[in-house]
Amino acid sequence: LKSNPSSNEEKEAQTQLTKSDELQRLHSQALSAYQQEDYEAAISLLDEILAVCVWDAELRELRAECYIKEGEPSKAISDLKAAAKLKNDNTEAFYKISRIYYQLGDHELSLSEVRECLKLDQDHKQCFSLYKQVKKLNKQIESAEERIREGRYEDAISKYESVMKTEPEVPIYSTRAKERICHCLSKNQQATEAIELCTKVLQLEPTNVNALKDRAEAYLLEDMYEE
């Protein structure tokens, strides 16, 4: 505007100024909604801003926080992945992505994301602590699955019992471990124990297909054909 633009350019500049004022107003409202813990409203306002300010890493991180609070971790991951690319050395974003994957039970993706964090900063305390935990858990699960493939069911059961001790806080890992132990018991002809454990898994996850199949196999061993 200071450079005496043509009338068209002046109109364009005025439009952009008006738009930027509007976006700043929306930004203030979004922050206020976030502080008042009205995450749904904050997400809706941030959606509007990010439709224009596509490359704003901080706004994406804020929206990711809102998604986490609203119990929508997969949406948070996509914002955090964008933020990790948009901001150099964004260890915090990689750490958060890794934690979300871990809580969702995806230990392999969690491990790969926390490694990205450590590539940027090998002394990052939170990432290093998470890395040690996920690496240990990952190794135990891989080792248990290898024993199942080899038909060494007793050993596999013992490995999955270690998994439950390594991660007692995140329920999905103990449920998965019980599901796999039930599979081993069924394969090992220990029908009574398999039925009991599969039933526990199915009380937590009534539509768990693997547990249903393994319990069916165990019922067959006991000649309980109706069941």
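Modeller: In this predicted model, the largest nonpolar core holds 61 residues, of which Leu 46 and Tyr 160 touch the most other members. Helix H7, spanning residues 125-149, supplies the largest share of this core, with eight residues.

Not counting residues up to four places away in sequence, Leu 46 touches Ala 30, Leu 59, Leu 62, Arg 63 and Cys 66. Both Ala 30, in H1, and Leu 46, in H2, belong to the set of residues through which these two helices meet. On the H1 side that set also includes Leu 23, Leu 26, Ala 33 and Tyr 34, and on the H2 side it includes Ala 42, Leu 45, Ile 49 and Val 52.

As to geometry, the axes of H1 (residues 7-35) and H2 (residues 39-52) come within 8 Å and cross at roughly 155°. An angle over 145 degrees counts as roughly antiparallel, and H1 and H2 are therefore roughly antiparallel to each other. The crossing of H1 past H2 is left-handed.

Beyond its neighbours within four places in sequence, Leu 80 is in contact with Glu 61, Ala 64, Ala 93, Lys 96, Ile 97 and Ile 100. The C-alpha atoms of Leu 80 and Tyr 95 are separated by 9.7 Å, the two residues being 15 residues apart along the chain.

Finally, an unreviewed UniProt entry lists residues 127-154 as "coiled-coil region". In the model, residues 127-154 are 89% helix and 0% strand, with the end C-alpha atoms 34 Å apart.

Conventions:
Residues are numbered from 1 along each chain as its sequence is written. This is a predicted model: local features need pLDDT of at least 70, side-chain atom pairs count only at pLDDT 80 or more; totals for chains, interfaces and linings use all residues. Side-chain values use heavy atoms; hydrogens and water are left out. A nonpolar core is a set of buried Ala, Val, Leu, Ile, Met, Phe, Trp, Tyr and Cys residues joined through side-chain atoms within 4.5 Å. Buried means under 20% relative accessible area, exposed over 50%, partly exposed in between (1.4 Å probe, protein chains only). Helices (H or I, at least four residues) and strands (E, at least two) are DSSP runs, numbered from the N terminus. Contact means heavy atoms within 4.5 Å. UniProt positions are given in the numbering used here, feature names are shortened, and annotations may be inferred rather than shown by experiment. Axes are lines fitted to C-alpha atoms, for helices over the stretch in contact, and angles run from 0 to 180 degrees between N-to-C directions. Angles under 35 degrees count as roughly parallel, over 145 as roughly antiparallel, 65 to 115 as roughly perpendicular and the rest as oblique. A crossing is left-handed if the near helix is turned anticlockwise from the far one by less than a right angle, and right-handed if clockwise.
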